[in-house]
Amino acid sequence: MTASLDVERLLPAPGHGPAERNVRLAFSNGRIAAIEGTEQPCRDGGIALPAMVNAHDHGYGVLPPAFGGADDALECWIASFSRPAIEPRLEAAVAFGRMALSGIGATVHCHNSLAADSLLAEAAGVSRAAADIGIRVAFSCPVRDRNPWIYGDQSDLLPYLPPEDRARMGAAPADDTPALHLVEQVEAVAAAHENDLFQVQYGPIGPQWCHDVTLERIAEASATHDRRVHMHLLESRRQREWLDATYPQGILRFLDDIGLLSRRLTLAHGVHLTDDECALLAERGVTVVVNTSCNLRMRSGLAPVARFVRHGLRFGFGLDGCAHDDDQDYFRDLRLAWRLHNGTGLEPAFPPGRLFDAACRDGFRCIDGSNDYGRIVPGARADLVVLDYDGMRSDFLVSDEDELDVILTRATSRHVRGLMVAGREVVRDGTLTGLDLQDAERELMEHAGGTVAADPEWSAHHRLRRNAVRAYYADAKHLDDSVD
């Protein structure tokens with residue numbers, strides 16, 4: 001563990017006060033023990049601020065386009081993007097390593113496997129990867145047991161498939177048995193692997209992908225064990241239409257009636273939440289995660305951030321494995337979200353303080369429900385990122401600029417010089433301390449590439465399925481959302 005750190009500039013609460021100069025931070029037992037001025041001016045050219053929180057992600061070491069998951073409407077993207085079995089420890093290590101190099105100190109990892117028999121072993125691999133890299137991870141145990149290809153009767157998709165694929169899909173076993181066995185695995189995973197830096201959560205993928213009885217069981221288990229739940233909700237307009245038709249009382253009212261809406265719940269996306277729904281979520285203490293780039297890439301739209309703010313609904317930010325340029329650059333994506341939601345008025349609709357509260361404090365609620373993250377003060381968690389401030393302002397001709405303005409305008413992953421989590425130096429001089437990332441990436445791609453190469457019809461099969469799903473939703477009797 002690092003005992004102390006000297007920085008030239010410190011933003012202890014970004015957006016809520018000016019930067020401090022020439023500061024020494026002392027650490028003890030994973031916490032900040034003291035903050036004081038240095039005897040000599042620090043000339044390192046860096047600026048420290050709280051580490052970022054990636055509040056919704058899938059831990060893709062191999063990014064979706066590598067498997068044919070090109071940007072598309074969400075439902076078509078899901079149909080075209082299928083992942084072969086990949087060694088979970090290796091993939092998670094690569095994904096977490098990239099996050100750390102982007103200044104992320106904590107993430108919610110929505111695991112991608114639905115194999116209950118192997119979940120315990122896969123969680124062990126992800127836990128080991130998190131420990132190797134050194135970031136905080138909330139492991140969301142996935143649950144899905146209905147609507148694998150389209151929302152509704154899966155046989156409705158068959159007419160849109162060529163005969164050979166129609167036969168193949170028709171012969172596939174139905175995915176319609178409540179996945180209570182998956183729910184039951186969660187407490188076993190927690191008992192085996194949970195610690196201060198590795199939390200375990202229930203992960204129903206979404207109400208359109210889970211039977212009601214499964215959601216009811218998760219709500220009950222969450223209350224019994226005081227365990228968090230992480231779930232996708234209302235990401236696309238097609239989801240909105242199907243859920244409205246399936247739950248006449250409203251999907252949020254249904255979730256509330258079964259006890260799922262609580263301070264323990266995180267909802268990812270929420271692009272199509274209404275005012276009334278936002279008010280209800282805020283009243284129940286739910287947290288939402290905004291995934292700006294993913295929603296743009298999947299043609300889902302923009303989350304109603306102004307509506308969240310108006311109703312006092314807490315929200316964080318997530319990369320969702322689909323950063324804008326596929327570079328997993330948290331600061332670049334945060335800047336995009338800020339600009340998209342900052343309004344058109346003379347005063348900012350999304351002030352920097354509120355932006356960083358979402359990125360840090362409220363995002364961390366999705367990890368363990370606590371409300372004490374995002375401030376660098378004595379007694380706080382020793383989680384901070386150090387950026388190359390001189391590098392960000394190398395062309396500046398003035399010397400009295402606002403440091404936060406510089407970060408909001410210029411910061412990217414390449415400016416991340418250091419990252420500390422629980423007092424451990426995770427990134428030093430722009431390099432991971434716990435993993436040779438290039439070697440790990442090379443090994444991962446060789447493994448994944450061999451799996452895909454073994455199936456010469458991989459791309460063709462997924463392309464046919466994507467086209468079938470597109471044709472199904474384009475049919476006149478389904479929602480046409482090509483225009484508003």
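1. Helix axes here are lines fitted to C-alpha atoms over the stretch in contact, and angles run from 0 to 180 degrees between N-to-C directions. The model is predicted. On that basis, the axes of helix α12 (residues 330-340) and helix α15 (residues 403-410) come within 8 Å and cross at roughly 100 degrees. Angles of 65 to 115 degrees count as roughly perpendicular, so α12 is roughly perpendicular to α15.

2. Which residues make the contact between α12 and α15? From α12 come Phe331, Arg335, Trp338 and Arg339. From α15 come Ile407, Leu408, Thr409 and Arg410. By class, this contact of α12 with α15 holds four nonpolar residues, one polar residue and three charged residues.

3. Helix α12 also packs on helix α13 (residues 352-368). Their axes lie 11 Å apart, at an angle of about 130 degrees. That angle makes α12 oblique to α13. The crossing of α12 and α13 is right-handed.

4. On the α12 side, the contact with α13 uses Tyr330, Leu334 and Trp338. On the α13 side, it uses Pro352, Leu355, Phe356 and Ala359. By class, the contact of α12 with α13 has seven nonpolar residues, with no polar and no charged ones. Trp338 of α12 is listed in this contact and also in the contact with α15.

5. Is strand β7 (residues 136-143) mostly covered or mostly uncovered? Strand β7 is mostly covered, with eight of its eight residues buried. In a regular strand, side chains alternate between the two faces of the sheet. In β7, Arg136, Ala138, Ser140 and Pro142 point one way. Val137, Phe139, Cys141 and Val143 point the other way. Residues of both sets are buried, Arg136 among them.

6. Strand β7 has pairing partners in β6 and β8. Strand β6 (residues 104-110) pairs with β7 in the parallel sense over five bridges. The bridge partner of Cys110 in β7 is Ser140. Strand β8 (residues 198-204) pairs with β7, also in the parallel sense, over seven bridges. The bridge partner of Val137 in β8 is Phe198.

7. Arg89 sits in helix α2 (residues 88-101). How far is its C-alpha atom from that of Gly125? The C-alpha atoms of Arg89 and Gly125 are separated by 4.1 Å, although the two residues are 36 residues apart along the chain. Leaving aside residues up to four places away in sequence, Arg89 touches Gly125, Val126, Arg128, Ala129 and Asp132.

Definitions and conventions. Residues are numbered from 1 along each chain as its sequence is written. This is a predicted model: local features need pLDDT of at least 70, side-chain atom pairs count only at pLDDT 80 or more; totals for chains, interfaces and linings use all residues. Side-chain values use heavy atoms; hydrogens and water are left out. Helices (H or I, at least four residues) and strands (E, at least two) are DSSP runs, numbered from the N terminus. Angles under 35 degrees count as roughly parallel, over 145 as roughly antiparallel, 65 to 115 as roughly perpendicular and the rest as oblique. A crossing is left-handed if the near helix is turned anticlockwise from the far one by less than a right angle, and right-handed if clockwise. Contact means heavy atoms within 4.5 Å. Ala, Val, Leu, Ile, Met, Phe, Trp, Tyr, Cys and Pro count as nonpolar, Asp, Glu, Lys and Arg as charged, and the others, Gly among them, as polar. Buried means under 20% relative accessible area, exposed over 50%, partly exposed in between (1.4 Å probe, protein chains only). Two strands pair if DSSP finds at least two bridges between them.
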